[in-house]
Amino acid sequence: MCSVISRTALPRRVCLVSVHTSPLEQPGTGDAGGMNVYIEQTASRMAERGVAVEIFTRATSSEQQPTVELAPGVTVRHVVAGPFEGLSKDELPSQLCAFTAGVLRTEALHEPGYYDVVHSHYWLSGQAGWLARDRWGVPLVHSAHTLAKVKNALLAEGDTPEPKARVIGEEQVVAEADRLVANTEAESAQLVELYGADRRRTVTIPPGVDLTRFVPGNRAAARRELNLPPDAVVLAFVGRIQPLKAPDVLLYAAAELLAKAREQGDSAWRELRRRLVVLVVGGPSGSGLAEPTALRKLAASLGIADVVRFLRPRPPENLASVYRAADVVAVPSHNESFGLVALEAQACGTPVVAAEVGGLPVAVADGRSGLLVPGHGASEWADALASVALRPRYRAELSAGAVGHARRFSWDRTTDALLATYVEAGAEYRVRLGLGGPEGLAG
């Protein structure tokens with residue numbers, strides 16, 4: 001960990017590359033999500049440790065300033081590459097040459113050795129990062145965040161597979177990177193088994209959660225803020241609205257929950273229907289942009305439009321109220337490299353019911369901080385949600401476990417591990433170039 005590394009050994013300046021989405025964007029809509037939070041949180045903490053950070057991202061508006069200060073010591077650089085608006089993620093590979101040229105030109109304005117390490121996020125960034133690595137003679141650290149081969153193996157019904165070009169691009173980046181950062185041991189194994197990654201160059205560093213912002217709070221106050229009845233049974237989904245994230249699973253489960261209540265008699269059904277609120281917080285994204293009203297139409301077709309409330313994406317400082325107001329937060333994704341929403345909710349003391357996929361078995365301690373569901377069927381999800389939301393004593397037990405589990409993760413711990421990885425990759429890279437093994441990257 002970097003806490004035991006001499007400050008003089010730390011890199012002086014880190015280049016972060018995030019081509020398709022900026023850490024300045026609002027998570028929960030478009031292409032902005034957990035990766036944006038990851039970059040913003042770790043970059044800010046690196047700067048607090050005295051490491052200057054510059055983040056390169058593609059400009060998406062003519063009104064964006066060339067450089068923006070994200071936090072003291074953290075600069076976001078907007079690189080003009082292709083038209084400002086109207087480019088989907090699948091169209092961005094055609095702009096990688098222009099984007100990479102913009103990155104290289106920025107470094108060329110400075111003395112050689114300006115950056116000490118390149119850390120690319122997502123495969124598009126890895127393509128640009130690997131060329132910068134070769135030009136600058138510094139190590140490339142890469143975080144995939146999601147993997148095409150894994151996503152294609154776990155596609156939601158009707159969702160569009162990731163293109164072959166992405167698969168090939170990921171294979172190239174995996175082969176070139178000096179260090180691959182995986183969120184979980186499962187992701188590390190996928191890199192090795194599906195992409196042929198070198199185990200010695202693969203390191204597992206779990207993401208964190210902001211333990212100062214996401215803390216338990218007053219549930220009644222949170223419900224008043226959101227205009228929710230104090231006795232409501234609140235099931236919440238937070239995230240981008242797209243097939244991969246599977247918010248439809250929560251709606252099907254809510255309808256099934258009401259159907260099961262009807263089997264117990266009309267009074268039970270009427271009481272649950274009076275109290276039930278399904279919160280969906282987020283905006284259309286990815287393939288969900290093709291049918292932005294599909295979820296609303298589904299709620300109507302299931303006969304539950306009156307219990308479903310759609311809220312726009314919220315900044316992190318306002319998101320904690322959603323978690324605190326909920327009885328349970330659902331994370332029904334078909335694939336999730338980790339699941340930051342699950343950690344944030346648990347840090348607020350709210351149990352999570354999540355799909356047993358990807359990194360969610362790490363983010364959620366099954367039976368202690370929430371429940372894992374092995375499939376996506378409406379009946380099994382309704383049973384899992386009911387067992388938490390409708391059993392106050394059990395929910396209280398899981399709530400206590402959720403807070404304890406979330407405290408095992410922090411962005412400070414993630415940042416320290418990343419900085420240690422930069423130092424190790426830098427020393428190894430310099431040895432490979434025949435420059436010896438200096439104490440730090442800045443030699």
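I take buried to mean under 20% relative accessible area, exposed over 50%, and partly exposed in between, with a 1.4 Å probe and protein chains only.

**Entry 1. Basis**

I note that this is a predicted model, in which local features need pLDDT of at least 70 and side-chain atom pairs count only at pLDDT 80 or more, while totals for chains, interfaces and linings use all residues. Residues are numbered from 1 along each chain as its sequence is written, and side-chain values use heavy atoms, with hydrogens and water left out.

**Entry 2. R179**

I looked up R179 and found that this residue counts as buried, because its relative accessibility is 9%. R179 is found in strand 7 (residues 179-182); strands (E, at least two residues) and helices (H or I, at least four) are DSSP runs, numbered from the N terminus. The side chain of R179 is joined to that of E428 by a polar contact of 3.2 Å. For a polar contact I require a pair of N or O atoms within 3.5 Å; within protein, one must be able to donate a hydrogen and the other to accept it, and residues adjacent in sequence count only if both atoms are side-chain atoms. Leaving aside residues up to four places away in sequence, I list L140, V141, H142, R200, R201, T421, E424, A425 and E428 as touching R179, where contact means heavy atoms within 4.5 Å.

**Entry 3. The whole chain**

I counted 16 helices and 14 strands in the chain. The radius of gyration is 22 Å, close to the 22 Å from the globule rule for 443 residues, so the chain is as compact as a globular protein of that length. This radius is taken over C-alpha atoms, and the rule is 2.2 Å times the number of residues to the power 0.38. The C-alpha trace spans about 75 × 45 × 40 Å along its principal axes. Of the 443 residues, 56% are buried. Among contacts between residues at least 6 apart in sequence, 68% join residues at least 24 apart.

**Entry 4. Helix 14 and its partners**

I examined helix 8 (residues 247-263) against helix 14 (residues 378-389): the two pack at an angle of about 75°, with their axes 8 Å apart. Helix 8 is therefore roughly perpendicular to helix 14. Angles of 65 to 115 degrees count as roughly perpendicular, under 35 as roughly parallel, over 145 as roughly antiparallel and the rest as oblique. Axes are lines fitted to C-alpha atoms, for helices over the stretch in contact, and angles run from 0 to 180 degrees between N-to-C directions.

On the side of helix 8, the residues in this contact include V249, L250 and Y252, and on that of helix 14 they include A378, S379 and W381.

I then turned to helix 15 (residues 392-406), which packs against helix 14 at an angle of about 90°, with the axes 6 Å apart. Here S387, V388 and A389 of helix 14 meet Y394, R395 and L398 of helix 15.

**Entry 5. Helix 12**

I found eight of the eight residues of helix 12 (residues 340-347) buried, so this helix is largely enclosed by the rest of the structure. Among them are E344 and Q346. Just after helix 12, G349 has a positive phi of about 90°.

**Entry 6. Positive phi**

Most residues other than glycine have a negative phi. I recorded A246, with a positive phi of about 55°, in the loop between strand 9 and helix 8. A246 counts as buried, because its relative accessibility is 0%.
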